[in-house]
Amino acid sequence: MLALVLKDLYEQRTNILFFLAFPALGYLVGPPLYGAFLILLPWSIAIRATYAEDRGGLEFLCSLPFSRNQIVTAKFLLVLLLLLLGVGEVVLVSALPPLEGTQPVPDQALWVMPVTVAGFAAVLTGAFLNLFFRIGYIRALNYSRLLALLPLALLIPQVQQIVLKSGVQLFLTSDPRRLALWVLAGSLVVYLALLLDARRVFGQKDIA
Amino acid sequence: MTLETAMETGAALTMRGVSKRYRGSRTWALRDLSLEVPRGYVMGLLGKNGAGKTTLIKLACGLLKADSGDIRVLGADPERSGPELRRFIGYVSEAPQLYNNLSLRWLAGFVAGRFPAWDEAYFRQLLRRLDLRDHLGDRFGKLSKGTKVKFALALALAHRPKVLLLDEPTSGLDPAARREVLSVLLEALRDGETAVVFSSHITSDVEKIADFVTIIDRGRVLLTEDKETLLNRVVRAVLPREAGEWLERLGEEGPVIHWQMGRRRITALIGDLDEFEALYPRALPRPFDVTRMNLEDIFVALTDAREE
């Protein structure tokens, strides 16, 4: 299975390096860019890696001595690995002394924001991978794009008001660390469920 | 039975009553198909587009799941024995698509790591033989179709598989590349250890390398037979018009596969010349003209006869 993860990392090396440059920009611009980076890194790499599988890679892999479970699990492991890498880089960059004229990163943003966003990114990318192994690349991509647009709903004033009224904001300001850990734990449970379901479905699927 | 025991005793490929229908399709890709490929022999698979050749090969490789029937590769079930069994199988698809961003050198290392029996010296020899050495640093996506097929073939042969599944490997290649691929294949088969299932539209390729021939049409086996026997047995005969009545009485069960009434004479496709001569009425005019047929003639005549 490690060979499969390494294959994806090597194949996507240019794209991964490109995305890893984002936090350096975030250092100049501020924390919001870190959030975008943490969502984009696993999601984009997963999309590019599955595109290669869709173009014939999957048939090639399935004709080699790999089990279907290994193929699915390797993709989910790749995403976790990228998230770890991304969170690590964001935490590292956030801890650097602020540049002259820029806002210092708030204490809670050091790990609360990256962990919370990583949880969302894990679910988003896990859902995409699950759909890929279930219904194929094109349809999975379309559905997951819709899912990725969900946070944009926060830009709508009415939605903002609902969110504020719901008390999430209160919870955020009172104990953001606890919230971040709950989000992370919940995301990992959902991610694991998506992985197990993808393994079950792909095990029965035709590679046509 | 363990995988090891099964693999020592079983034929290279056995299919019994295998049916397969793709999701959302009304027609059967394969219907109640049975065939056997002994170890060390080459089975040429002939069929028109959509006849079921690719489905058959993908089922044998475990890429597809059969709706019913029993499939054994080296005595083992390809669905259940999965990765362990595939260590002994080589597969080349019609248009091999590996990873466009990866170099041939990297891909070869990746595949070599999966097969305990990978023979690096033999792989180097195949690269030399197929003029691939200069391409090792190239990305797979930059190669021409012919080079892709040759590289996929080298990967499939280098671990010395016991069963080689080739899905139209020569289609779309220029004559020189086709000849190269076939000659490498023939060399690789000299040891007599590897069984091959080789599907193709190009009947001359099948005629060149196959020991057995199976013709499939619309998911069913029309014929499966030793190639030499088939070429000796099936002939085209030109008969006098008077034989028409007798041919009608003979029906489909007799040695005549198909016949067509012309203005002056009858052209018949005879499945078994000896049987036909024994049955041919003495009262009818003789002699009649008999022409030997090549594999392409037989293939076209048989599939056309079925359509009519």
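Which helices and strands each supply at least two residues of the lining of the second largest pocket? I noted before starting that this is a predicted model. Then I went through the lining and found that chain A gives helix 4 (32-62), while chain B gives helix 2 (53-61), strand 5 (89-92) and helix 6 (145-157). Helix 4 of chain A has the largest share, with seven residues.

**The pocket itself.** I looked up the volume of the second largest pocket next, and got about 590 Å³. Its lining has 36 residues, and those closest to the centre are A:Gly56, A:Leu58, A:Glu59, A:Phe60 and A:Ile207. I sorted the lining by residue type: 19 are nonpolar, eight are polar and nine are charged.

**Chain A as a whole.** I stepped back to see what chain A is built from. Chain A has 208 residues, and 45% of them count as buried. I also checked contacts with a separation of 6 or more in chain A: residues 24 or more positions apart account for 79% of them.

**A:Lys7.** I picked out this lysine in helix 1 (residues 2-11) of chain A. Is A:Lys7 buried or exposed? I count A:Lys7 as buried because its relative accessible area is 0%, and the cut-off for buried is under 20%. The side chain of A:Lys7 makes a polar contact of 2.9 Å with the side chain of A:Asp8. Leaving aside neighbours within four places in sequence, I listed what else A:Lys7 touches. In chain A the contacts are A:Glu53, A:Leu61 and A:Lys75. From chain B come B:Tyr99, B:Leu102, B:Trp106 and B:Phe110.

**Aromatic rings.** B:Phe110 made me look at ring pairs. I got 15 aromatic pairs over all chains. Why does the pair of A:Phe66 and B:Phe110 count as stacked? Their ring centres are 5.8 Å apart and their planes are at 25°, and planes under 30 degrees apart count as stacked. This pair crosses between chains: A:Phe66 is in the loop between helix 4 and helix 5 (68-94) of chain A, and B:Phe110 is in helix 4 (residues 104-112) of chain B. I found both A:Phe66 and B:Phe110 buried. Last, I followed the ring pairs and noted a cluster that links A:Tyr10, A:Phe66, B:Trp106 and B:Phe110.

Methods
Residues numbered from 1 in each chain as written. Chains lettered and ligands numbered in written order. Predicted model: local features only at pLDDT ≥ 70, side-chain atom pairs only at ≥ 80, totals over all residues. Heavy atoms only, no water. Helix = DSSP H or I, 4+ residues; strand = E, 2+ residues; numbered from the N terminus. Buried < 20%, exposed > 50% of the residue type's maximum accessible area, 1.4 Å probe, protein only. Polar contact = N/O pair within 3.5 Å; in protein donor to acceptor, adjacent residues only side chain to side chain. Contact = heavy atoms within 4.5 Å. 1 Å grid on protein atoms, 1.4 Å probe; cavity = no way out; pocket = protein on both sides within 12 Å on 5 of 7 lines; lining within 4 Å. Points joined across faces, edges and corners; volume = space filled by probe spheres on them. Nonpolar A, V, L, I, M, F, W, Y, C, P; charged D, E, K, R; others polar. Phe/Tyr/Trp six-rings, centres within 6.5 Å; stacked < 30°, edge-to-face > 60°.
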